[in-house]
Amino acid sequence: MIFLGILASIAAIGFLCWLLFTLAVFALPLFAGVSIGTWAYGTGAGWPGAILIGLVGAALTLGIGQFLLIVVRPLWIRLLVAAAFVLPAAIAGFHATHGIVKHTMPSETWQVIFSVVGAVAVGITAFLRVAGMVASPPSSGTVARA
């Protein structure tokens, strides 16, 4: 029975890490949506209104980010937009990794070291996913014919 508990724990940690890497790109829209929803609730919108306004704010944040990555031509502006998505993901990765290693390691120094490694891994993954959101430009002079 203990063996099954260990396997279930490893599977749960693996699932949560997969979920973290998959959803890391959406850390900025989530933060924006929660902030806007909290503001709307504080101004008297009620629960349904706050949830709706938060969802719209999150969708607009993601949509504007993708639009800017596709339309803007200077590379440094694209890198700034990508950094706006990657930095919150890296911070989320740091805290998620820290939450896991805090229960497994007594040394605070090693906790921070592993948390930084987790933040870098999540940040790189988020950057690759954000870079994948950009549509590739059409090739010049070639037309696909059916």
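What pLDDT does the protein average, and what share of the residues score at least 70? The average is 86, and 92% of the residues reach at least 70; pLDDT is the predictor's confidence in each residue, from 0 to 100. This is a predicted model, in which local features need pLDDT of at least 70, side-chain atom pairs count only at pLDDT 80 or more, and totals for chains, interfaces and linings use all residues. Residues are numbered from 1 along each chain as its sequence is written, and side-chain values use heavy atoms, with hydrogens and water left out.

Let's start with the helices (DSSP runs of H or I, at least four residues, numbered from the N terminus). Confidence is lowest in helix α1, residues 2–23, with a mean of 81, and highest in helix α2, residues 27–42, with 94.

Next comes helix α3 (residues 46–71), where you will find L52. L52 has a relative accessible area of 54%, so L52 is exposed (exposed means over 50%, buried under 20%, partly exposed in between, with a 1.4 Å probe and protein chains only).

Now follow helix α4, residues 75–101. At 1.5 Å a residue, its 27 residues should span 39 Å, and the end C-alpha atoms are 37 Å apart, which agrees; the expected span is 1.5 Å times one less than the number of residues. The buried residues of α4 include V81, A82, F85 and V86. At A83, α4 bends by about 25° (the angle between axes fitted to the seven residues ending there and the seven starting there). A83 counts as partly exposed because its relative accessibility is 29%.

Conventions. Helices (H or I, at least four residues) and strands (E, at least two) are DSSP runs, numbered from the N terminus.
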